[in-house]
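Me: I have a model open and have not looked at it before. Can you walk me through it?

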Amino acid sequence: MKANIITMLLALAGVACAGEMKLLNDHLRITVPDEAEYFIIPTWTVLDRSDEQTGVIIPEGADECIDIIAEEEHCLADDDFVEGVKTAMASLNSEHNDYDIVQVGDNLVYALLREDAAGAEDAKAGKSDAPLAYAQYRHPDGTVQKFTVLLFSPRPTVEVKKYREQVRQWLNSIKPGGTPLKLQERVEHLSFMKDCSVAVPVPQGYYSVVYKVDGLRLGYYGKLQKRGETDEIYCVYVSDEQIEGFREIPDGQQTTQNGTLLGKKVEWHLYQPEEGVKRAECVLPLGCRGDDVTFSEEGEDEIIYLHITIYAKDAESRANLIRQAEKITLEKA
C-alpha cells in the first residue's frame, strides 16, 4: 500500500532518474539501483521542499520498497562531529533496537540495524515506521545532513541481512553534489496580495525555508552556525491572523522601541522568553486581501498583516536583525 501511494505521487510529480542521484538540489549525491526513483516528500506547508528534504524510493517487490530520506540540518558541524554523532547514535540502542555504529572516513557515521535485533521485528512486520538505518554526513562546506532509511514490506518475514548490505553500500556512496547551498546575500519574495509581494533581504550566510499554510506565508531566515549556539533568526509572516507572542508577555517583562517598516512607524516589542534568547516582534497591517496595499485594517475581506519575529543571542545581534528587517520593501509583480 505504501509503495503504491508513493508510486502515485511520483507519477504526479513526473520525476524519475537512476544511478547517481542528486539530493537536496544537488547539494549531495548518492548511488542507488537503476530502478530507484527520486521524490520530494509531499507536505501541505512547504512551498519548495527540494532544498529542505528529498528522498529516494527503491522498489524491492510488488508492494515492498525502501525509502532513503535526506534532510538538511541547517547547521555547521562541530569540531568533534564524528565522536558526537557516535555518542548520539549509541543512545538509539535499547531492548527493542540494536544498531551497529559505522564510521566511514571523517565525514559519515551511520547506525545500521542488526539482523538479529529486536527492532528487526518491526521490519519483519512491515510497519510503516520500521527503520533500517540513520546517518549523518558532514559536507565539505561544513554543513550537516541527516538520512533516514525506512523499509516498507507486507511480508511476514524479511531478510534483514540482505537489506543491511544494500543499505551499507548506498550510504557509503554519499558524496558532495555540484550545487552549493544558497547562502549568498540575496532578496527573496513572499507573495500575498494582488500583484504584490514582500521583498525580504537575506544577509550573507543565512539559509531560508519558506512555508505556505492557509492564509499565511512564512519566510524563515536563519544564520548558519554550529549546534548549541543560540539561534539568530528572523521570521517574516504574511498572514490574515495576528500571531503575536508578545501579548503573552507581561508588560513589566518587555520594553518597546519605535521603528519604521515599509515607510510606516511601528512599535517593536523587546523581551527575553528564556535565558540567553533575545526576541523582538512587530506587526503592520497591509490591507484587505486581493486589494492594493493601504496599511489599513478596514475592509470587508480578510485583513493581511506583516509580522516580524526576531530571535537573537544578545541585544546587539537583535538590534542588527531589526535593522535588517526594516530593509524589507514591497514590490509589484
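Me: In what sense do β14 and β15 pair, and over how many bridges?
Reply: They pair in the antiparallel sense, over 7 bridges. Strands (E, at least two residues) and helices (H or I, at least four) are DSSP runs numbered from the N terminus, and two strands pair if DSSP finds at least two bridges between them. G222 stands opposite I233 in β15.

Me: Before going on, what kind of model is this?
Reply: It is a predicted model, where local features need pLDDT of at least 70, side-chain atom pairs count only at pLDDT 80 or more, and totals for chains, interfaces and linings use all residues. Residues are numbered from 1 along each chain as its sequence is written, and side-chain values use heavy atoms, with hydrogens and water left out.

Me: Back to the strands. What order does the open sheet have?
Reply: Its 7 strands run β13-β14-β15-β19-β18-β17-β16, with antiparallel pairing. The edge strands, each pairing on one side only, are β13 (206–213) and β16 (254–261).

Me: How many bridges join β13 to β14?
Reply: 8 bridges, and the two strands run antiparallel. V213 has L216 in β14 as its bridge partner.

Me: New topic. Which residues touch the most other members of the largest nonpolar core?
Reply: L23, I30, V32, V56, I68, F147 and L171, out of 40 residues. Such a core is a set of buried (under 20% relative accessible area, 1.4 Å probe, protein chains only) Ala, Val, Leu, Ile, Met, Phe, Trp, Tyr and Cys residues joined through side-chain atoms within 4.5 Å. Strand β7 (residues 108–113) gives the largest share, 6 residues. Apart from this core lies another, of 30 residues, including V200 and Y234.

Me: Where is confidence lowest?
Reply: In helix α1 (residues 2–13), at a mean pLDDT of 39; pLDDT is the predictor's confidence in each residue, from 0 to 100. Over residues 1–18 it is below 50. Where pLDDT is low, the predicted coordinates should not be read in detail.

Definitions and conventions. Contact means heavy atoms within 4.5 Å. Buried means under 20% relative accessible area, exposed over 50%, partly exposed in between (1.4 Å probe, protein chains only).
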